[in-house]
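Please consult the sequence and the model alongside the text.

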Amino acid sequence: MPDPQGPSDGTGQPPLAAPGRGRRTFTIVMLVALIGLPFAVSMQLQNRAHGPVAVPDQPGGVLEGRLTTPTGEPAENVEVMVFVLTQVPAREPAVQTRSATDGTWTLDVPPAKDAAYLLRMGGGPWQWASRSIAFADADGAPLVPDPIEHQLIEGCTLVLQITRKDGKPTGPAKVFAEGAFEGGGFFDPFQRKLSREQSFDDAGEIRMDGFPPMEGKARVVLDSGITVTVPLLLVLGENVLSYQL
């Protein structure tokens with residue numbers, strides 16, 4: 001759903017270490033690099049659950065949970081997906097679904113060798129939230145994850161409209177959005193950084209959601225070679241910006 005350069009991401013998430021032979025360490029940098037999010041989004045792991053996660057062979061299993069709005073009402077039709085974290089980049093989620101009318105969801109997570117799982121929830125009007133999931137502990141013993149109860153947080157949507165003076169289509173583009181946002185109040189006062197990348201078939205129809213309120217910039221690189229940089233000051237709801245070439 002974050003700065004992909006390691007310690008500056010502010011998540012406080014410890015490295016993930018694989019036990020036994022070939023022991024290795026998964027850092028936040030690797031985690032971000034390994035999950036090619038839907039639509040080629042690469043984003044910081046926002047609102048990660050804290051604590052170490054085992055990285056043995058994962059047997060998979062059924063994962064279920066319930067999403068609610070900030071007022072405690074069921075959150076319907078919200079994206080829920082699981083990514084497999086290995087040494088090979090995952091460009092798409094291993095499994096995904098949307099929450100039902102009562103906010104509940106269920107995923108049948110496939111087995112994965114020498115890996116860990118990342119659960120992501122949100123999008124649309126809600127901030128992306130992520131947490132690590134395991135179906136085996138550090139010794140390979142099976143685990144049954146508890147149902148995930150998660151209360152969503154309102155987010156920001158960036159709508160960027162780029163046009164040409166001659167009226168011609170602007171063409172495909174890649175957008176790099178980055179900025180800084182505040183932590184979660186008194187017990188989480190630290191500023192965090194976020195970086196996302198997303199490709200679009202038409203630069204005149206750029207829409208990126210799930211951001212926290214933040215200040216930063218968006219750099220739009222058109223296939224034509226033109227680069228446009230616009231400042232960002234995202235507030236809750238839709239933030240519409242226009243730029244003419």
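The model is predicted, so local features need pLDDT of at least 70 and side-chain atom pairs count only at pLDDT 80 or more, whereas totals for chains, interfaces and linings use all residues. Residues are numbered from 1 along each chain as its sequence is written, and side-chain values use heavy atoms, with hydrogens and water left out.

**Nonpolar cores**

- A nonpolar core is here a set of buried Ala, Val, Leu, Ile, Met, Phe, Trp, Tyr and Cys residues joined through side-chain atoms within 4.5 Å; buried means under 20% relative accessible area, exposed over 50%, and partly exposed in between (1.4 Å probe, protein chains only).
- The largest nonpolar core has 22 residues, of which Ile206, Met208, Phe211 and Val220 touch the most other members.
- At least two residues of this core come from each of β10 (156-163), β11 (173-181), β12 (192-200), β13 (206-211), β14 (214-222) and β15 (227-234); strands (E, at least two residues) are DSSP runs numbered from the N terminus.
- Leaving aside residues up to four places away in sequence, Val220 is in contact (heavy atoms within 4.5 Å) with Leu160, Ile162, Ala173, Lys174, Val175, Ile206, Ile226, Thr227 and Val228.
- Another core, of 21 residues, lies apart from it and includes Val82, Val84, Ala115 and Leu119.

**Salt bridges**

- A salt bridge requires a side-chain nitrogen of Lys or Arg within 4 Å of a carboxyl oxygen of Asp or Glu, and by this rule there are 5.
- One of them joins Glu178 and Lys217 at 3.8 Å, N to O. Glu178 lies in β11 and Lys217 in β14, so this pair ties together parts 39 residues apart in sequence. Glu178 is partly exposed at 36% relative accessible area, as is Lys217 at 41%.
- Arg207 and Glu238 form another, with their closest N and O atoms 2.4 Å apart. This pair links β13 to β16 (residues 237-244) across 31 residues, and Arg207 is partly exposed at 45%.
- Arg164 and Asp166 also meet in a salt bridge, at 2.7 Å, N to O. Arg164 is partly exposed at 28%, and Asp166 is partly exposed at 45%.

**A buried arginine**

- Arg196, in β12, is buried yet has no salt bridge.
- The nearest side chain of opposite charge to Arg196 is that of Asp209, 4.7 Å away.

Key
Helices (H or I, at least four residues) and strands (E, at least two) are DSSP runs, numbered from the N terminus. Lys and Arg count as positive and Asp and Glu as negative; His and the chain ends are not counted.
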